[in-house]
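Here is a briefing on one protein chain, arranged by topic. Keep the structure open while you read.

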Amino acid sequence: LTTNSQAGKTSYSEWLEISPKEISVIHNGVDFEFMEKSKSSRKFNKRFKEVGIKKGHKIVGGVFRLEAGKRVELWLDSFAEALKEESALRGIIVGSGRMEETIGAWIKERDLGNRVSLVGSSDDVASWLGKMDVFLLTSQTEGLPNVIIEAQGFGVPCISTDVGGAGEVIEHGKSGFVVDSSDSREIAGAILKGLGRKNKSLGIRAKRRARKIFSIDSMIKNTHNHYLDILSD
């Protein structure tokens, strides 16, 4: 058996009542080259201009389905808490889903209409990631979150709740921050840390690590080696 995270390995071991030694971990691989080729500068620039981001703004971004498990309320509350300390913040959420109207209402209720933009789904995620200063994920459950791998692969420090394999993708304090809490104030603190001048190296390390460990080539190599180990036994 294989799974894509240590967290998944532990979960499956307990569920199937087998030794963890019988389960191997092969991390997901992201095709960063394909993402870069999918960029559409003219189309993106037009859409980005409509969002109203100006020089000096700091962008907290998110890319996810607009579903209950992503806890978008917590995302918005955390953004609002960070906004109290940093007035230059702007939020961009890329994605669509059944809760789009509800989330739009939540944004208005929190008086964030001029601060947070729902831009819908996009085939050009790479261009959106390239504009983000930090990436925020507040999911309740995850496996190994590909979106964090993608964000880090484009040099964006990530802040995430401690779910699934998030802690395997993010090096806490080195490429981003994993928050073992659902307290919006604690998450906001991590956002502000990620934006801090002292943490400019976070994005550099995040990109280097993501493209080395979580590339398509690495996933193929690890899968190949796994089969070789089985055959040698």
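Strand β5 spans residues 116–120, and four of its five residues are buried, so the rest of the structure largely encloses it. The model is predicted. Strand β5 pairs with strand β4 (residues 89–94) in the parallel sense, over four bridges.

- I93 has L118 in β5 as its bridge partner.
- Between β4 and β5 the chain passes through helix α5 (residues 100–109), and this β-α-β crossover is right-handed.
- How many residues of β4 are buried? Six of the six are, so β4 is largely enclosed by the rest of the structure.
- L89, G91 and I93 point one way from β4, while R90, I92 and V94 point the other way. All of them are buried.
- In a regular strand, side chains alternate between the two faces of the sheet.
- β4 also pairs with strand β3 (residues 58–63), again in the parallel sense, here over six bridges.
- V60 has G91 in β4 as its bridge partner.
- From β3 the chain reaches β4 through helix α4 (residues 72–83), and this β-α-β crossover is right-handed.

**Aromatic pairs**

- Six aromatic pairs turn up in a search of the whole structure.
- One of them joins F32 and F154. Their ring centres are 6.2 Å apart and their planes meet at 70°, so this pair is edge-to-face.
- The F32–F154 pair links distant parts of the chain. F32 belongs to helix α2 (residues 32–37), and F154 to the loop between α7 (146–153) and β7 (158–161). The two are 122 residues apart.
- F32 and F154 are both buried.
- F44 and F48 form a stacked pair, with 5.5 Å from centre to centre and 25° between the planes.
- Why are F44 and F48 separated by about one helical turn? They are four residues apart in helix α3 (residues 41–51).
- An α-helix has 3.6 residues a turn, so residues three or four places apart point the same way.
- F44 and F48 are both buried.
- Ring pairs join F44, F48 and W128 into a cluster.

**Charges over rings**

- K131 places its charged end over the ring of F48, 4.9 Å from the ring centre.
- R211 lies over the face of F154, with 5.0 Å to the ring centre.

**Helix α7 and what follows**

- Helix α7 is mostly covered, with seven of its eight residues buried.
- The buried residues are V147, I148, I149, E150, A151, Q152 and G153.
- Q152 is in helix α7. Its relative accessible area is 1%, under the 20% cut-off, so Q152 is buried.
- Which residues does Q152 touch, not counting those up to four places away in sequence? They are C158, V169, I170, S175, A206, K207 and A210.
- G155 follows α7 and has a positive phi, near 80°.

- K212 is in helix α10 (residues 201–213). Is K212 buried or exposed? Its relative accessible area is 64%, over the 50% cut-off, so K212 is exposed.
- K212 and G153 are 59 residues apart in sequence, and 9.2 Å apart in space from C-alpha to C-alpha.
- T3 is in strand β1 (residues 2–3). T3 has a relative accessible area of 10%, under the 20% cut-off, so T3 is buried.
- Leaving aside neighbours within four places in sequence, T3 is in contact with G8, K9, Y12, I23, S24, V25 and I26.

**The chain as a whole**

- The protein chain has 11 helices and eight strands.
- For 233 residues, a compact globule would have a radius of gyration near 17 Å. The protein chain has 18 Å, which agrees.
- Taken along the principal axes, the C-alpha atoms fill a box of roughly 60 × 40 × 35 Å.
- Buried residues make up 46% of the 233 residues.
- Among contacts in the chain with a separation of 6 or more, 67% come from residues 24 or more positions apart.

Methods: Residues numbered from 1 in each chain as written. Heavy atoms only, no water. Phe/Tyr/Trp six-rings, centres within 6.5 Å; stacked < 30°, edge-to-face > 60°. Buried < 20%, exposed > 50% of the residue type's maximum accessible area, 1.4 Å probe, protein only. Lys NZ or Arg CZ within 6 Å of the ring centre and 35° of its normal. Pairing = 2+ DSSP bridges. Right-handed = clockwise from strand over helix to strand, strands pointing away. Rg over C-alpha atoms; globule rule 2.2 N^0.38 Å. Contact = heavy atoms within 4.5 Å.
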